[in-house]
Amino acid sequence: NRVWTIIQDKHGDMWFATEKGLNRYDGRSFTCYTTTQGLPSNMVRSMFEDSKGNLWVGADGGLTRFDGHSFINYTLALGLKNNTEVGNMVEDSNGDLWFGTSIGLGKYDGNYISLFTTEGGLSSNRISKLMKDNNGDIWIGTWDQGANRYDGHTFTHYGAEQGLGNETVPAVMQDKRGNIWL
C-alpha cells in the first residue's frame, strides 16, 4: 500500500494518503476511510488542513472535505469535472483553497470552484506542486512546462528561456531569505 502524503493535524493525529484510502492514526489505533465512508476514490494522493481545521483530500475522483464527521465531495455541482485527479493543495491569504489537477489549477472560494487553464495564461494544465510565498503569490510547478507565479491577477511563466534547467518542476519552496527554489 503506497503512501503518497503524510500530515499531522492540529489535534496531533497522523493522516496517511494511500492508494487504498485515507488512514488516520490517533496515537493508539488506525482508522481507514474508503469509498464506503464517502471518499470519491480509494486512490488518495494528497491532504491539506486549512486554517479552519478542515481536512481537504485530493483523490483520483475529485476534491473532498472531511469536517471530522463526514466527507463532502466537491465535483460537478461546484464546477469540478467528474473523476478529476486532485493533487497538491495550498490556502491563500483570503482563505481560498487552491489545488492542482490533471486538467488545470483549481480554486475553491467557499462557494464555487474556478478552474485556471492554459487558455487563461497557465503554461500547462498538468500541475505538480503548489506553494504560497511570503508575498501571498501562488507558485505552480508543472509536469511539463516549467513553473508559474500567480499574483492574484496574472500568471508569470518561468521555463527554459528564463534559465530553468528542466521543464518538469515537482517541487517548489521558499527559503528563509525569500528565495524561491524550483
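Let's start with an open sheet of four strands, ordered S5-S6-S7-S8 and paired in the antiparallel sense. Strands here are DSSP runs (E, at least two residues), numbered from the N terminus, and two of them count as paired if DSSP finds at least two bridges between them. At the edges sit strand S5 (44–49) and strand S8 (71–74), each pairing on one side only. Going from one strand to the next, the twist averages 25°; the axes behind such angles are lines fitted to C-alpha atoms, with angles running from 0 to 180 degrees between N-to-C directions.

A word on what you're looking at: the model is predicted, so to speak of local features takes pLDDT of at least 70 and side-chain atom pairs count only at pLDDT 80 or more, while totals for chains, interfaces and linings use all residues. Residues are numbered from 1 along each chain as its sequence is written, and side-chain values use heavy atoms, leaving out hydrogens and water.

Now zoom in on S5. Five bridges join S5 to strand S6 (residues 55–59), in the antiparallel sense.

On to another sheet. Four strands, in the order S9-S10-S11-S12, make up an open sheet with antiparallel pairing. Strand S9 (86–91) and strand S12 (113–116) are at the edges with a single partner strand each, so one side of each has no neighbour in the sheet. The twist in this sheet averages 25° from one strand to the next.

Within it, S9 pairs with strand S10 (residues 97–101) over four bridges, again antiparallel.
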